[in-house]
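Please read the report below alongside the sequence and the model. It moves from the whole chain to individual sites.

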Amino acid sequence: MTLRSERPRQPRQIKGKWWALLLAIAVQLGFLAVIVFSVTWQNRAPQPITAELYAPPTKAVVVEQPTPARVEPPVTPPPLPAPVPPPPQPAPKAAPVPVPVPKVERPDPRAADIALKAKQEDDRRKIAEAEKKEADKKARDAKEADDKRKLEERRKLDEKRVAETRERQQRETEALRAQADREAQARAQAEKDAQIRAREVAESSARNKALADWTSRIQAKVKGNVIVPTELAGNPEAIFDVVQLPTGEIIDATLRKSSGSRAYDDAVHRAILKSSPLPRPDRPDLFQRTLTLKFRPSD
């Protein structure tokens with residue numbers, strides 16, 4: 001079989017014509033090798049199957065298995081003997097039904113590749129499904145873990161808020177209690193101070209009253225000893241600083257402010273010295289070493 005290239009011959013002046021010719025020859029040779037291999041692989045000798053039929057015998061029928069390559073000629077049966085009048089016979093038996101011969105199919109070499117590819121595809125599909133299930137399970141586990149973590153964080157946050165609220169309320173309560181205590185202490189201290197001040201005022205008033213009473217008694221004693229000059233006009237005032245002992249004895253008497261009349265000032269000074277010892281106070285704590293005494297003739 002001669003193969004020719006279907007491409008037209010190119011002129012000599014076209015470059016690369018030999019490469020194109022060699023390529024075409026190689027393609028044709030490859031195509032021829034594929035055809036020869038396929039014919040040789042599929043061309044197998046057929047195996048004829050023979051079946052004989054008897055009632056009524058006319059001729060033998062040869063049933064052959066169809067083959068894609070060639071068919072054997074039918075086998076001619078031997079000649080039948082001359083017909084003889086048959087005796088009466090019972091009804092003829094049914095002719096045997098030929099048994100169908102199962103068709104033997106040759107295995108297709110591509111079926112193994114297809115089955116292998118199908119198996120590989122099924123394995124890949126199963127692996128992909130298993131991986132997808134595993135990924136879905138991991139995603140569910142991760143989501144459950146994340147939800148659990150968020151729930152735990154929310155619970156801790158709620159507990160923290162409750163603790164902070166309780167602590168803030170406790171601080172506010174303690175602050176209110178401390179403020180109430182401070183206010184109570186302040187009120188108590190104010191009352192105490194008021195009482196102290198009232199007591200001090202009372203004591204001061206009593207002291208001043210007792211001191212005034214003591215001073216009045218001293219002045220009365222001194223006035224009893226004063227001889228007022230006849231030429232004194234008006235009601236002048238003379239002030240003396242008197243130094244005494246706790247027993248009332250006078251140590252010194254000094255004129256602090258003159259009345260304007262020397263005779264009256266001298267008369268008062270003599271009366272002070274004559275009044276020693278002076279009356280003592282009713283309370284020892286009222287004693288004063290130095291007293292300032294005021295004298296007027298008409299008081």
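## Basis

This is a predicted model, in which local features need pLDDT of at least 70 and side-chain atom pairs count only at pLDDT 80 or more, whereas totals for chains, interfaces and linings use all residues. Residues are numbered from 1 along each chain as its sequence is written, and side-chain values use heavy atoms, with hydrogens and water left out.

## Overall chain

The protein chain holds three helices and three strands, arranged along the sequence as α-α-β-β-α-β; helices (H or I, at least four residues) and strands (E, at least two) are DSSP runs, numbered from the N terminus. Of its 299 residues, 13% count as buried, where buried means under 20% relative accessible area, exposed over 50% and partly exposed in between, with a 1.4 Å probe and protein chains only.

## A buried glutamine

Gln244 lies in strand S1 (residues 238-244) and is buried, with a relative accessible area of 1%. Its side chain reaches the backbone oxygen of Gln288 at 3.1 Å. Residues that Gln244 touches (heavy atoms within 4.5 Å), not counting those up to four places away in sequence, include Trp214, Leu278, Phe287 and Leu291.

## A cis peptide bond

Most peptide bonds are trans. Ser276 and Pro277, however, are joined by a cis peptide bond with omega about 0°, and Pro277 sits in the loop between helix H3 (262-274) and strand S3 (290-295).

Conventions: A polar contact is a pair of N or O atoms within 3.5 Å; within protein, one must be able to donate a hydrogen and the other to accept it, and residues adjacent in sequence count only if both atoms are side-chain atoms.
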